[in-house]
Amino acid sequence: MESYLDEVNNNRNMGITTLLEDTVKNRNLDQITSLKLQAPMSVNRLCMLGTYVPNLVELDLTDSFLPSFRDFAFKLDNLKVLKVASCNLKSLDGVWNIPNVEELFASDNDISDLMLCSTLVKLTTLDLSRNKIMDLTRLHFLNFCEQLRCLSLSGCPVAKVENFEKNVRNILPNLNHFNGNQTSEIEQVKPKLTIESIVCGNITAALRSRKTNYSGNKDVRFGDIHKVSNDDKK
């Protein structure tokens, strides 16, 4: 395999057909459901991959040169598992072309925004470890992935946020695993008491106490009733 990769990297004008021929040899392309290959910077027409191998279910492009999902994600309607670690990906642009993907492994890239993950409604597993995700609020977009159960963001700048794991659990309560750990082991964030909640709580308690005292005293005079009524209005 190493000699094959050396040959690929030394061929500056390699096209997708040559890359596939060297990888799968004489196999029928229509029968291939799982494929692993490394696409160098110089490979041509990688976007035609889905045309040549239409029944792919699992695709591993680890260590390829893929600045965008647009470079290869086309006509891959059957794809369920995609591995694009260390592929120089700058964004998730074009990821909507693989809407049936269930597992996406894209660690060690330069992805900074999660918004386009919202198009992957069948996603169950997402690995974006060691990317450039910095904003915790962007995780809310992952709620569109209603089947998402496993998420990894280890090594991302956002992981330095205080109470990071607890906040993630609060934003994405349906997760089963986060950064390799079961989320049941992560304490769920409890709502903080604010001045407003304390004041409202005291008022509610006072009203309930007053109502109890009033209902328990059957000999209250008319003047006392009028006084209680005025107090309630305040």
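**Salt bridges, core and confidence**

In this predicted model, D110 and K132 form a salt bridge, with their closest N and O atoms 3.8 Å apart. The two residues link distant parts of the chain, since D110 sits in the loop between β4 and β5 while K132 sits in the loop between β5 and β6, 22 residues apart. Side chains of opposite charge can pair when their charged atoms come close.

**Salt bridges**

- The whole structure contains six salt bridges.
- D110 also forms a salt bridge with K90, and here the closest N and O atoms are 3.0 Å apart.
- Because D110 belongs to the loop between β4 (103-105) and β5 (125-127) and K90 to the loop between β3 (81-83) and β4, this pair ties together parts that are 20 residues apart in sequence.
- D108 is partly exposed at 33% relative accessibility, and R130 is partly exposed at 43%.

- Helix α2 spans residues 16-24, and its residues I16, L19, L20 and V24 are buried.
- These four residues lie on the same side of α2, because they cover an arc of only 105° around the axis.
- An α-helix has 3.6 residues a turn, so residues three or four places apart point the same way.
- The largest nonpolar core has 54 residues, and L35, L59, F69, F72 and V84 have the most contacts inside it.
- The elements giving two or more residues to this core are α2 and α4 (164-171), and the largest share, four residues, comes from α2.
- Leaving aside residues up to four places away in sequence, L59 touches L35, L49, F72, L76, L79, V81, L82 and K83.

**Confidence of the prediction**

- The average pLDDT of the protein is 78, and 71% of the residues score at least 70.
- Over residues 185-200 the pLDDT is below 50, and this stretch has eleven contacts in the model beyond near neighbours in sequence.
- Residues 218-229 also stay under 50 in pLDDT, and the model has four contacts for them beyond four places in sequence.

Definitions and conventions
Residues numbered from 1 in each chain as written. Predicted model: local features only at pLDDT ≥ 70, side-chain atom pairs only at ≥ 80, totals over all residues. Heavy atoms only, no water. Buried < 20%, exposed > 50% of the residue type's maximum accessible area, 1.4 Å probe, protein only. Arc of directions from axis to C-beta. Core = buried A, V, L, I, M, F, W, Y, C linked by side-chain atoms within 4.5 Å. Contact = heavy atoms within 4.5 Å. pLDDT = per-residue confidence, 0-100. Salt bridge = Lys/Arg side-chain N within 4 Å of Asp/Glu carboxyl O.
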